[in-house]
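Here is a short tour of one protein chain. Please look over the model before reading on.

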Amino acid sequence: MVALLGLVTLAACGGEDGTPVLGRLWTYTDPVALAPPGAGTDRRVVVLTRATPGAVRTLDTKNGGPVEGPFEALPSDHAPVMVGADIYVVGQVSGRIVRMNLAGEALDFPTVALGNTGPLVAAPDGGLRVTSNSGALHIFGSPDAAPLQAALPGVADTAPAVDGAGVTFVATDVGRVLGIDAQGATVFDVQVDAPASGPSVSANRVAVGSFTGVRVFTRQGQPVFDRPRGARVTGTLILDDGDVVAWGEDGKVERLGPDGAVRFSLDLGPPIYCPVLALPSGDLAVVDNEATAYRVSPEGEIRDQGTVAPAESGAPSRELAQVGSYVYVTRGKTVAGLDFDLTNP
């Protein structure tokens, strides 16, 4: 197991003064394949193995150095989640969720076997959300409370979106998009061209990808606009100014105004399955399925780009972690930390 830190210029382009804006790259490599990384508290990244027996550890966000662990844990295909000082892992076979502290000690948590699941998501209310492939959303509140379960029509293969009130928006493979509150009641229900993917939510809008494009609705389920695309849209992001970013299997990233007007359409080539992330600078962080990372301006210009981790490692994980301008990607046995702004404190 090795942690490396280097300053690497990933592309010839850079900032106006010639300083590369996607340049600091550390990597941590494990003997076995790794799950997607999880964003931790207090400058931590949580790293988990996929192999049995599983192991979890935390690394420093800025240099990849060891902080805690390794501790025994369930192997998983999904990113671990950290809430406060507790780490949560959903097992890849049983679907059981385990909770541990930073000393590796197991903590109380409801014992529920969910089977195969989607990504584990930390909600703003301090709880957890996860979908099971048997067709249900599982809502975990406090660690000592029994979870609630809401039936879903179909399977959700992308992460749900949870708003500040604890309403969870789920997009399913049959094209249904549901909003389910913290008590398990359905408060939003629309149909789009199947499969539906990558929902996002703001105070007054819900965006979702479909097989034929991007759909945006009011929180009451009324259509706002439909942006057709030539391939499945795999994810959406509603920005603070109301613009919508959408990406998909056609290799395009598009930014749309609140009325659906196209602000830019950038064709990067390979499909994009990783979530596009908003950076503190206002730029976007994009990672395509060939593990090329891009920093994209609000106008759709590529400011910089570079390859994540060794080329022989295959496609990147479809779950990313973000801490400010730092973005973390798993590729095979390696987790890479990318700094999208070298002036980051």
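What is the mean pLDDT of the chain, and what share of its residues reach 70 or more? The mean is 90, and 91% of the residues reach 70 or more. pLDDT is the predictor's confidence in each residue, from 0 to 100.

This is a predicted model, in which local features need pLDDT of at least 70, side-chain atom pairs count only at pLDDT 80 or more, and totals for chains, interfaces and linings use all residues. Residues are numbered from 1 along each chain as its sequence is written, and side-chain values use heavy atoms, with hydrogens and water left out.

One stretch calls for care. Over residues 1–21, pLDDT stays under 50. The model has 54 contacts beyond four places in sequence for this stretch; a contact means heavy atoms within 4.5 Å. Where pLDDT is low, the predicted coordinates should not be read in detail.

## Pockets

Rolling a probe the size of a water molecule over the atoms shows where empty space is left. The search here uses a 1 Å grid over the protein atoms alone. A pocket is an open set of points where a 1.4 Å probe fits, with protein on both sides within 12 Å along at least five of seven lines. Lining residues have an atom within 4 Å of a point. Grid points are joined across faces, edges and corners, and a volume is the space filled by probe spheres set on the points.

The largest pocket holds about 1,500 Å³ of space. Its lining has 50 residues, and Val 121, Ala 159, Pro 160, Pro 275 and Leu 320 lie nearest the centre. Several strands give two or more residues to this lining, among them E3 (38–39), E7 (81–83), E11 (121–122) and E31 (321–323). Strands are DSSP runs (E, at least two residues), numbered from the N terminus. Which strand gives the most to the lining of the largest pocket? E23 does, with five residues.

The second largest pocket has about 170 Å³ of space. Residues that line it include Leu 237, Ile 238, Asp 240, Arg 255 and Leu 284.

The table sorts both linings by class. Ala, Val, Leu, Ile, Met, Phe, Trp, Tyr, Cys and Pro count as nonpolar; Asp, Glu, Lys and Arg count as charged; the others, Gly among them, count as polar.

| Pocket | Nonpolar | Polar | Charged |
|---|---|---|---|
| Largest pocket | 29 residues | 16 residues | five residues |

## Strands and pairing

Strands of a sheet pair through backbone hydrogen bonds, either parallel or antiparallel. Here, two strands pair if DSSP finds at least two bridges between them.

E29 (residues 292–296) and E30 are antiparallel over five bridges. Thr 292 stands opposite Thr 307 in E30.

E32 (residues 326–331) and E33 also pair in the antiparallel sense, over six bridges. Val 329 has Ala 336 in E33 as its bridge partner. The two strands E32 and E33 form a hairpin with two residues between them. In the turn, Gly 332 has a positive phi of about 65°.

Is E33 (residues 334–339) mostly covered or mostly open? It is mostly covered, with six of its six residues buried. Buried means under 20% relative accessible area, exposed means over 50%, and partly exposed lies in between (1.4 Å probe, protein chains only). Thr 334, Ala 336 and Leu 338 point one way from E33, while Val 335, Gly 337 and Asp 339 point the other way.

## Single residues

Trp 26 is found in strand E2 (residues 24–29). Why does Trp 26 count as buried? Because its relative accessibility is 1%.

Two cis peptide bonds involve proline. One runs from Gly 69 to Pro 70, with omega near 10°, and Pro 70 lies in strand E6 (residues 66–73). Another joins Ala 194 and Pro 195, with omega about 0°. Pro 195 sits in the loop between E18 (186–191) and E19.

Asp 42 lies in the loop between E3 and E4 (44–48). Its phi is near 55°, a positive value in a residue other than glycine. Asp 42 is exposed because its relative accessible area is 67%. Arg 43 belongs to the loop between E3 and E4. Arg 43 is not a glycine, yet has a positive phi of about 60°. With a relative accessible area of 44%, Arg 43 is partly exposed.

Methods
Helices (H or I, at least four residues) and strands (E, at least two) are DSSP runs, numbered from the N terminus.
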